[in-house]
Amino acid sequence: MSESAVQPVFIFSLPRSGSTLLQRMLGYHPAVHTVSEPWLLLPLVYARRPDGVYAEYRHRQACRAIEDFGDAFPDKQAGLDRHLRDMMLGMYRELSPEGTRYFLDKTPPYILIADEIARLFPDAKLVFLFRNPLSVIASSLTTWWGNRWKLFTQKHLFYDGLTRMMEAYEAAGDRAIRLNYEDLIADPPGKLSGLFEALGLPDCPEAAEGFSRVKLEGRVQDNQGIQQYSAVSKDPVTKWQRTLANPLRRRFCRRYLSWVGRDRLATMGYDLDELNRDLRQAKGTFGRLASDAGWMAAGSAYCALDVPLVRDKLRAWRQRRPVLSHA
């Protein structure tokens, strides 16, 4: 355990954007320590949000109670922030070996609380990793759902998550360290050198290849990328064209790109017209058309009925446990 101060580094990105690859590359540096995906800040931050949580206790009333508790400190809510920050920094420090300067916390859903993390940790380094949204969609389909159209199960990340991540990026100003996935895999040593410089660390050229030796223990992490790639591959840049080939998928992608918008895409490093042109020019097929239509219809019901919550209630009923309300 390092007794000296350990500074946190957070990676913010949409899922399937290369964050695990970047985490392992940065984690190869002797001054950086990391673990799989902590997720711990999510319930801590959401404990103070009235929306976004279903619980057997009355969550909105809990939020009011926590707010009152925070107001009891001399510096009000800033006092509660201070204690939460000290708790997390203490855990980061205890997990870090001697000589560690940074603890790298990579948890993809942190994009939902990116602004709160930036506020809670004013001295933290904030790395924003962007990837072509078409590649993100395609990689999500093939990695998690066997190329079935089940994107609706992660809809909160693709919409709310992206919105909050972009707001945090624009608010971070000079604190933000921006990187594009396509640039990283095109020139790993060069981009890593720039990142290490931004972190005030000596260069570590070996990280571009040695990342495969960084082992992340934990059940919640991106095992697919770890198992599939032991070296940097440029194939993922164009793989989306084979996945997003039928008319329904292309229509969704056009609408999603339009929702993201020209300005936000430009901030991310992409051009709306170029992405739409690439989508039009990619070879089209009618494969999975009927399956996608069915899954898209199911997705509307899934979101409207909040199926995971209904499923939990049915499980309780089958097990003859009380079926409780969640508020």
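A residue is called buried at under 20% relative accessible area, exposed at over 50%, and partly exposed in between, with a 1.4 Å probe and protein chains only. The model is a predicted one, in which local features need pLDDT of at least 70 and side-chain atom pairs count only at pLDDT 80 or more, whereas totals for chains, interfaces and linings use all residues. Residues are numbered from 1 along each chain as its sequence is written, and side-chain values use heavy atoms, with hydrogens and water left out.

**Stop 1: the sheet**

Colour the strands. Helices (H or I, at least four residues) and strands (E, at least two) are DSSP runs, numbered from the N terminus. The sheet is open and holds 5 strands in the order β2-β3-β1-β4-β5, with parallel pairing; two strands pair if DSSP finds at least two bridges between them. At the edges stand β2 and β5 (176–180), each with a single partner strand, so one side of each has no neighbour in the sheet. From one strand to the next, the twist averages 25°; such angles run from 0 to 180 degrees between N-to-C directions, and axes are lines fitted to C-alpha atoms, for helices over the stretch in contact. Strands of a sheet pair through backbone hydrogen bonds, either parallel or antiparallel.

Select β1 (residues 7–12) next. How many bridges join β1 to β3? There are 5, and β3 (residues 102–106) runs parallel to β1. Within this pairing, Gln7 stands opposite Tyr102 and Phe10 stands opposite Asp105. Towards β4, β1 has 4 bridges, again parallel, and there the bridge partner of Phe10 is Leu126. Because 5 of its 6 residues are buried, β1 is largely enclosed by the rest of the structure.

Move on to β4 (125–130) and its pairing with β5, where 5 bridges join the two parallel strands. β5 is mostly covered, with 4 of its 5 residues buried.

**Stop 2: helix α7**

Select α7 (155–172). This helix lies across β1, β4 and β5, and runs at about 130° to β4. Within α7, pick out Ala171. Is Ala171 buried or exposed? It counts as exposed, because its relative accessibility is 66%.

**Stop 3: Ser140 in helix α6**

Helix α6 (133–144) contains Ser140. This residue is buried, because its relative accessibility is 0%. Which residues does Ser140 touch, not counting those up to four places away in sequence? They are Pro15, Arg16, Trp145, Leu151 and Phe158, where contact means heavy atoms within 4.5 Å.

**Stop 4: two loop residues with positive phi**

Most residues other than glycine have a negative phi, and most peptide bonds are trans. Select Asn147, in the loop between α6 and α7: its phi is positive, about 70°, although it is not a glycine. Asn147 counts as buried, because its relative accessibility is 18%.

Then go to Trp39, in the loop between β2 (32–34) and α2 (41–46). Trp39 also is not a glycine and has a positive phi, of about 65°. At 37% relative accessibility, Trp39 counts as partly exposed.

**Stop 5: the second largest pocket**

Select Trp149, Leu151, Phe152, Lys155, Tyr159, Phe252, Met296, Gly299, Ser300 and Cys303, which line the second largest pocket. Two or more lining residues come from each of α7 and α16 (289–305), and α16 gives the largest share, 4 residues. On a 1 Å grid over the protein atoms alone, a pocket is an open set of points with protein on both sides within 12 Å along at least five of seven lines, whereas a cavity is a set where a 1.4 Å probe fits but cannot get out; lining residues have an atom within 4 Å of a point. The space in this pocket is about 190 Å³.

**Stop 6: the cysteines**

Stay on Cys303, which counts as partly exposed at 38% relative accessibility. Its sulfur is 17 Å from the closest cysteine sulfur, in Cys253, and therefore too far for a bond. Cys63, by comparison, counts as buried at 8% relative accessibility. A search of the whole structure finds 0 disulfides, a disulfide being a pair of cysteine sulfur atoms within 2.5 Å.

Note on methods. Grid points are joined across faces, edges and corners, and a volume is the space filled by probe spheres set on the points.
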